[in-house]
Amino acid sequence: MESGAKSVAERDEEGSSAMVGGGDGGSSSSKVYHERQRLQFCLLHALNSLMQEKESFTRAELDGIAGNLVHIDPNKEHWTPISLIFKPHHNVFTGNYDVNVLITALEARKKKVIWHDHRKGASSIDLDADELFGLMINVPVRRFRGLWTGRHWVAIRSINGTWFNLDSDFSAPKEFQDREKLIAFLDSILSQGGEVMIVLQDE
């Protein structure tokens, strides 16, 4: 599969960020911002890569969003002591934020998140829409040699006309050769139980 379509990978525990030259052969001369994976903060890394800005979002901000969501959680009265660590919207030590944190965070940046209907192929996504900001995907993953399974957030963004996979598990962004390769990648994600979210400008 193209540009990291593999859905199962060993996850790095060290995080970093870098600006790298996009593309090869001069196909994209822009600098592409990309953050590396640390613990379960993949949503934080994906959001910053999507926004193409270091610390556009911070752990403190996402923790605050998750905390506010907890206050309005209708099931809070049924929590157990372990819920203080494995809260509904994140893990207080490692991150692991959920989709509610994603949506609330992006809405604070005047973005709108739309779930793509997984019954439809990726070709139904209008990649030329003026309001399209990027894509966020959520894929099943396996860590620690298969002993732990979970979900992983990945940002997909068009930068100067070139689409990039900004997966924080990669050592550098991966460029899609063309739109057909991007659509094939998204279809593979959907077929493996992943979710695709369309991020739109909401101004």
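Guide: Two strands count as paired if DSSP finds at least two bridges between them. That applies to this predicted model, where β6 and β7 pair over 2 bridges.

Visitor: In which sense do β6 and β7 pair?

Guide: The pairing of β6 and β7 is antiparallel. Phenylalanine 164 has glutamate 175, in β7, as its bridge partner.

Visitor: And the faces of β6, covered or open?

Guide: Both faces are covered. Thr162 and Phe164 lie on one side, Trp163 and Asn165 on the other, and all are buried.

Visitor: Back up a bit. How many helices and strands in the protein chain?

Guide: The protein chain has 4 helices and 8 strands. Along the sequence the pattern reads β-β-α-α-α-β-β-β-β-β-α-β.

Visitor: What share of the residues count as buried?

Guide: Of 203 residues, 47% are buried. The accessible surface of the protein chain is about 10,500 Å², and carbon and sulfur atoms contribute 49% of that.

Visitor: What about contacts between residues 24 or more positions apart?

Guide: Among contacts with a separation of 6 or more, such pairs account for 61%.

Visitor: Changing topic. Which residues does the UniProt "active site" annotation cover?

Guide: The unreviewed UniProt entry lists Cys42, His152 and Asp167 under that annotation. Those residues span 126 positions in sequence, but no two of their C-alpha atoms are more than 9.1 Å apart, so they gather at one spot.

Visitor: Where is cysteine 42 found?

Guide: Cysteine 42 is in helix α1, which covers residues 42–51. Its relative accessibility is 3%, so it counts as buried, the cut-off being under 20%.

Visitor: What is cysteine 42 in contact with, leaving aside its neighbours within four places in sequence?

Guide: Gln37, Arg151, His152, Trp153 and Ser168. One of those, His152, is also in the UniProt annotation.

Visitor: And aspartate 167, buried or exposed?

Guide: Aspartate 167 is buried, at 7% relative accessible area. Its place is in the loop between β6 (162–165) and β7 (174–175).

Visitor: On to packing. Which residues have the most contacts inside the largest nonpolar core?

Guide: They are Leu47, Leu62, Leu102, Leu106, Met136 and Trp153, in a core of 30 residues. Two or more residues come from each of α1, α2 (59–71), α3 (99–107), β4 (132–143), β5 (148–159) and β8 (195–201).

Visitor: Which element gives the most to this core?

Guide: That is α1, with 7 residues. There is also a second, separate core of 22 residues, including Ala129, Val139, Val154 and Leu182.

Visitor: What does tryptophan 153 contact, leaving aside its neighbours within four places in sequence?

Guide: Among its contacts are Cys42, Leu43 and Ala46. Tryptophan 153 also contacts Tyr97, Asp98, Val99, Leu102, Met136, Ile137, Asn138 and Met197.

Visitor: Back to α1. Is asparagine 48 buried or exposed?

Guide: Asparagine 48, which is in helix α1, counts as buried at 2% relative accessibility. Outside four places in sequence, asparagine 48 contacts Tyr33, Glu35, Glu53, Glu55, Ser56 and Phe57.

Visitor: Where is glutamine 52 placed?

Guide: Glutamine 52 is in the loop between α1 and α2. At 22% relative accessible area, glutamine 52 is partly exposed.

Visitor: How many residues along the chain separate glutamine 52 from valine 32?

Guide: They are 20 residues apart, with 7.1 Å between their C-alpha atoms. Val32 is one of the contacts of glutamine 52 beyond four places in sequence, alongside Lys31, Tyr33, Arg157, Ile159 and Leu166.

Definitions and conventions: Residues are numbered from 1 along each chain as its sequence is written. This is a predicted model: local features need pLDDT of at least 70, side-chain atom pairs count only at pLDDT 80 or more; totals for chains, interfaces and linings use all residues. Side-chain values use heavy atoms; hydrogens and water are left out. UniProt positions are given in the numbering used here, feature names are shortened, and annotations may be inferred rather than shown by experiment. Buried means under 20% relative accessible area, exposed over 50%, partly exposed in between (1.4 Å probe, protein chains only). Contact means heavy atoms within 4.5 Å. A nonpolar core is a set of buried Ala, Val, Leu, Ile, Met, Phe, Trp, Tyr and Cys residues joined through side-chain atoms within 4.5 Å. Accessible areas come from the Shrake-Rupley method with a 1.4 Å probe; for residues, only the protein chains shown count as cover.
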